[in-house]
Amino acid sequence: EQEGDFDSDTRFCIKWFETHGFDEGKFGEAETLSKAMDTSVAGLDRAGVLKARAGIVRLLSPAELPEAYDPLVDDRISVWEVVMHLAKRLDEQGIDAAAQLMAAAKSRVDLDTAKELAYLLFSICEKRNWAKTALLFNALGSSWREIENAARSAVPAAMTQGTIDFTDDED
């Protein structure tokens, strides 16, 4: 039912996750699914949500994602990617770090849809008995309001990393 709310990259990732979780699968299967979802395995690889090497495809788990992620400069952003990074930040750095990411992401993705995805991923994990991963997404979903509240006053990390001086110093 919720599938229509998600972008094509996210729909691919959900379907792949339902079957494989963060485990490996065959490239041919991923290629067929990507065509059905109107995306491409190569594009998803470049986007940083999966690895496709030597005929094997695997979604990247939140723990495997890079520390430095800025949704403001991501040229192929998806709800999936934002949720994975939010889960990672919350798990590894806490509410304030997740809030900074959420503040930056709010202009690029619909946060209500991201929240839906967090709950959907928790539900998938619960059905598959993936307890550790279920806890990760449950923590994100149950902390969502607190993260949202902190995001209202958070300055996105990218905006705090330097300034440009536009003053004319030349005479």
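Visitor: How are α5 and α7 oriented to each other, roughly parallel or roughly perpendicular?
Guide: In this predicted model, helix α5 spans residues 95-105 and packs against α7 at an angle of about 65 degrees, with 8 Å between the two axes. Axes are lines fitted to C-alpha atoms over the stretch in contact, and angles run from 0 to 180 degrees between N-to-C directions. Angles under 35 degrees count as roughly parallel, over 145 as roughly antiparallel, 65 to 115 as roughly perpendicular and the rest as oblique. The two helices are therefore roughly perpendicular.

Visitor: Which residues of α7 meet α5, and how many residues of their contact are nonpolar?
Guide: From α5 come Ile 95, Asp 96, Ala 98, Ala 99, Met 102 and Ala 103. On the α7 side, they meet Ser 143, Trp 144, Glu 146, Ile 147, Glu 148, Ala 150 and Ala 151 (contact: heavy atoms within 4.5 Å). Besides three charged residues and one polar residue, the contact of α5 with α7 has a nonpolar count of nine.

Visitor: At what angle do α4 and α6 cross?
Guide: Helix α6 covers residues 111-128, and its axis comes within 9 Å of that of α4. The two helices are therefore roughly perpendicular to each other. Their axes cross at roughly 70 degrees.

Visitor: How many charged residues are in the contact of α4 with α6?
Guide: Helix α4 contributes Val 79, Trp 80, Val 83 and Met 84, while α6 contributes Thr 113, Ala 114, Leu 117, Ala 118 and Leu 121. By class, eight of these residues are nonpolar and one is polar. The number of charged residues is therefore, with Asp, Glu, Lys and Arg counting as charged, no charged residues, or none.

Visitor: At what angle do α4 and α7 cross?
Guide: The axes of α4 and α7 come within 10 Å. The angle is roughly 85 degrees.

Visitor: Which residues of α7 make the contact with α4?
Guide: The residues of this contact divide into 11 nonpolar, one polar and one charged. The α4 side comprises Val 83, Met 84, Leu 86, Ala 87, Leu 90 and Asp 91. The α7 side comprises Leu 136, Phe 137, Ala 139, Leu 140, Ser 143, Trp 144 and Ile 147.

Technical notes:
Residues numbered from 1 in each chain as written. Predicted model: local features only at pLDDT ≥ 70, side-chain atom pairs only at ≥ 80, totals over all residues. Heavy atoms only, no water. Helix = DSSP H or I, 4+ residues; strand = E, 2+ residues; numbered from the N terminus.
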